[in-house]
Amino acid sequence: MTTSLITGATAGIGAAFARRLALEGHALVLVARDEKRLEECARDLRDEHGVRVEVLAADLSLDEGIAAVEARLADRSAPVDVLINNAGFGNRGRFLDASIDDELQMLKVHCEAVLRLTTAASEAMRERGRGWIVNVASVAAFLPRGTYGASKAWVVSFTEGAARELVGSGVRLMALCPGFVRTEFHRRARMDTAAIPDWMWLDADRLVAAAVRDLAVGKTVSVPDLRYKAVVALARITPRGLFGTLSTRMGRTHGPKRT
Ligand SMILES: NC(=O)c1ccc[n+]([C@@H]2O[C@H](COP(=O)([O-])OP(=O)(O)OC[C@H]3O[C@@H](n4cnc5c(N)ncnc54)[C@H](OP(=O)(O)O)[C@@H]3O)[C@@H](O)[C@H]2O)c1
């Protein structure tokens, strides 16, 4: 049986991956911080799809949390075939609004954890000659958008490079670049989303369906939905300053500071 490990599996895009992979009969390892919520999600998935579901409570902003997931991925007695590096968050406001600690925490979750978990999974997968890894980035990777966009640009670049070096090994990597998706992300970051028009919002289940199709055909970078393919294409040909001004204004306006 195929086993998939998903970080940030209890909400939003990660939960949509969990539903989709359970529907396909995958055994799951769900990772997030909130243990009670992990257990509830696992129970629902077992009840609905009859698959085996493990939970692993881990905070990927901490060394011990990353190490616990690395150890699970390295366990040769219970191999993981598919890794979805999805856990992530936003910091409210613009540069200098967020504390340096919050920004460093973002780099730890978006970059260090993704590097370490991709490495642990790739090593084990290469030995077996098969495995798939999806690193969830963002359309923000293609736009100047503070630490968030920079961290996601790293995810895209890292994934493209690693994918190239693993060609022929049986290990396939893909960076998934969503636009705005209706999840808990913006509420958690206390971002004001009033300026984001309805047409820009994506549905998490449809996004995941498109991602799975792109993975199956061997794409290394997936930008689901025509609207966002157009945004990325435009960002590539438009002067960076112009797109940066628009991007910096959307979804980043002030609200109360995170406590
Ligand atoms: N929503 C969007 O518009 C959008 C757009 C582009 C890209 N993305 C990216 O998509 C990914 C998923 O975002 P989402 O929108 O689905 O967010 P979400 O609804 O807020 O869900 C976030 C998930 O990550 C977990 N998580 C957060 N911090 C964690 C940590 N330190 N350690 C372990 N788990 C952690 C959360 O559970 P716990 O709180 O229990 O840990 C939750 O399961 C992120 O990488 C995000 O950057 C989102």
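**Figure 1. A look at what is tucked away in the protein chain.** Of the 259 residues in the protein chain, 53% are buried. Keep in mind that this is a predicted model.

**Figure 2. The overall build of the protein chain.** Nine helices and seven strands make up the tally of secondary structure here. A compact globule of 259 residues would have a radius of gyration near 18 Å, and the protein chain agrees, at 18 Å. As for contacts with a separation of 6 or more, 71% of them come from residues 24 or more positions apart.

Figure 3. Cys111 sits buried, at a relative accessible area of 12%. Its closest cysteine sulfur belongs to Cys177, and because the two sulfurs are 13 Å apart, that is too far for a bond. A disulfide needs the pair of sulfur atoms to be within 2.5 Å, and the count by this rule is zero disulfides.

Figure 4. Cys41 has 16% relative accessibility, so Cys41 counts as buried, given that the cut-off for buried is under 20%.

**Figure 5. Charged side chains of the protein chain.** There are 36 positive side chains and 31 negative ones to pick out. The centres of these two sets lie 6 Å apart.

How values were computed:
Residues numbered from 1 in each chain as written. Predicted model: local features only at pLDDT ≥ 70, side-chain atom pairs only at ≥ 80, totals over all residues. Heavy atoms only, no water. Buried < 20%, exposed > 50% of the residue type's maximum accessible area, 1.4 Å probe, protein only. Helix = DSSP H or I, 4+ residues; strand = E, 2+ residues; numbered from the N terminus. Rg over C-alpha atoms; globule rule 2.2 N^0.38 Å. Contact = heavy atoms within 4.5 Å. Lys, Arg positive; Asp, Glu negative; His and termini not counted. Charge placed at Lys NZ, Arg CZ, Asp CG, Glu CD.
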